[in-house]
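Have the structure open as you read.

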Amino acid sequence: MRLVFLGPPGAGKGTQAKALCEGWRIPHIATGDMLRSAKVSGKLPPSLAQQMNAGGLVPDSVVIDLIRDRIAEPDAARGFLFDGFPRTVPQAEALDDLLQTAGFALDAAVAIEVPEHLLIERATLRRIDKKTGQIYHLKYKPAPPGADLECRPDDAEEVVRQRLKTYVAMTSELLPYYQKRGILKRVSGEGGVDEVTARIRAVLGSRSKEDGKELAG
Ligand code: ADP
Ligand code: AMP
């Protein structure tokens with residue numbers, strides 16, 4: 001199973017990816033998480049950290065290099081789910097080239113669609129457990145007592161609004177890109193987490209069965 005999850009910030013990509021990848025036994029590869037770790041460990045140039053904090057994208061070459069290295073790791077050999085990558089057509093083209101060289105192709109690009117007012121509410125009230133990386137929400141998914149929560153700096157409302165603009169400007173052209181290739185699956189991200197998970201499984205059909213056997217090939 002080789003998948004990408006598309007959708008604006010706050011759509012629920014990370015939440016769904018975590019829920020599904022465990023059963024599928026494939027890695028959940030989120031470029032946002034990789035960039036945030038690089039920022040914390042001081043490996044990300046400060047100018048790029050600033051771009052992230054302001055709601056812009058980092059240059060294509062930076063994320064393409066991260067992905068090239070990541071898909072060469074052994075756990076990605078039987079599949080992967082990309083969350084937040086690709087975000088531009090040049091990134092999508094680079095991914096196609098990388099996969100073609102390795103003799104693979106994407107099975108599906110799943111676009112999770114959510115109205116703007118819900119995106120703002122989901123992103124601004126998102127909280128992350130510092131230790132486990134688990135994603136919580138102050139209203140929809142409260143954390144258990146004792147969780148050590150943090151709020152992403154780019155989840156401040158004005159930055160979320162900028163990220164939504166960036167999404168429309170840079171990323172929405174990806175939908176026609178994958179539509180033309182016949183692998184775009186659109187899913188409503190409204191409703192509860194389990195409801196959305198069921199919709200994603202439904203659009204992926206038999207390939208989404210959890211036993212992993214039919215995913216091995
Ligand atoms: P993305 O990875 O697309 O930016 P996340 O998966 O981090 O989005 O979800 C954003 C916020 O919305 C999180 O706080 C998450 O707990 C919450 N959330 C995700 N899916 C749902 C849902 N179906 N209903 C309500 N809240 C949700
Ligand atoms: P995310 O966690 O996916 O919301 O990403 C957080 C931030 O990381 C984005 O707002 C961008 O600044 C940066 N980022 C993540 N993925 C990419 C990507 N594929 N291309 C460019 N920038 C990215």
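Two strands are said to pair if DSSP finds at least two bridges between them. The model shown here is predicted.

**Strand pairings**

Let us begin with strand β3, residues 80–83. Strand β1 (residues 2–6) pairs with β3 in the parallel sense, over four bridges. In that pairing, F5 stands opposite D83 in β3. Strand β2 (residues 28–30) also runs parallel to β3, to which three bridges join it. Here H28 stands opposite L81 in β3. Along β3, F80 and F82 point one way while L81 and D83 point the other way, and all are buried.

Further along comes strand β5, residues 126–129. From β5, R126 and I128 point one way, R127 and D129 point the other way, and all of them are buried. β5 pairs with strand β6 (residues 135–137) in the antiparallel sense over three bridges, and I128 has I135 of β6 as its bridge partner. Five residues lie between β5 and β6 in the hairpin that they form, and G133 in the turn has a positive phi of about 80 degrees. β5 also runs antiparallel to strand β7 (residues 149–150), with two bridges joining them. There, D129 has L149 of β7 as its bridge partner.

The table gathers the pairings.

| Strands | Sense | Bridges |
|---|---|---|
| β1 and β3 | parallel | four bridges |
| β2 and β3 | parallel | three bridges |
| β5 and β6 | antiparallel | three bridges |
| β5 and β7 | antiparallel | two bridges |

**A residue in β4**

Is A109 buried or exposed? A109, which sits in strand β4, is buried because its relative accessible area is 0%, and buried means under 20%. Leaving aside residues up to four places away in sequence, A109 touches V4, L6, Y178, I183, L184 and K185. One of these, L184, is 75 residues apart from A109 along the chain, yet their C-alpha atoms are separated by 4.9 Å.

**The second largest pocket**

Now for the second largest pocket, which holds about 240 Å³ of space. It is lined by 15 residues, and those closest to its centre are P8, V114, L119, Y167 and V168. Which elements each supply at least two residues of this lining? They are β4 (108–113), α6 (116–124) and α7 (157–171). The largest share, five residues, comes from α7. By class, the lining has nine nonpolar, two polar and four charged residues.

Methods: Residues are numbered from 1 along each chain as its sequence is written. Chains are lettered from A and ligands numbered from 1 in the order in which they are written. This is a predicted model: local features need pLDDT of at least 70, side-chain atom pairs count only at pLDDT 80 or more; totals for chains, interfaces and linings use all residues. Side-chain values use heavy atoms; hydrogens and water are left out. On a 1 Å grid over the protein atoms alone, a cavity is a set of points where a 1.4 Å probe fits but cannot get out, and a pocket is an open set with protein on both sides within 12 Å along at least five of seven lines; lining residues have an atom within 4 Å of a point. Grid points are joined across faces, edges and corners, and a volume is the space filled by probe spheres set on the points. Ala, Val, Leu, Ile, Met, Phe, Trp, Tyr, Cys and Pro count as nonpolar, Asp, Glu, Lys and Arg as charged, and the others, Gly among them, as polar. Buried means under 20% relative accessible area, exposed over 50%, partly exposed in between (1.4 Å probe, protein chains only). Contact means heavy atoms within 4.5 Å.
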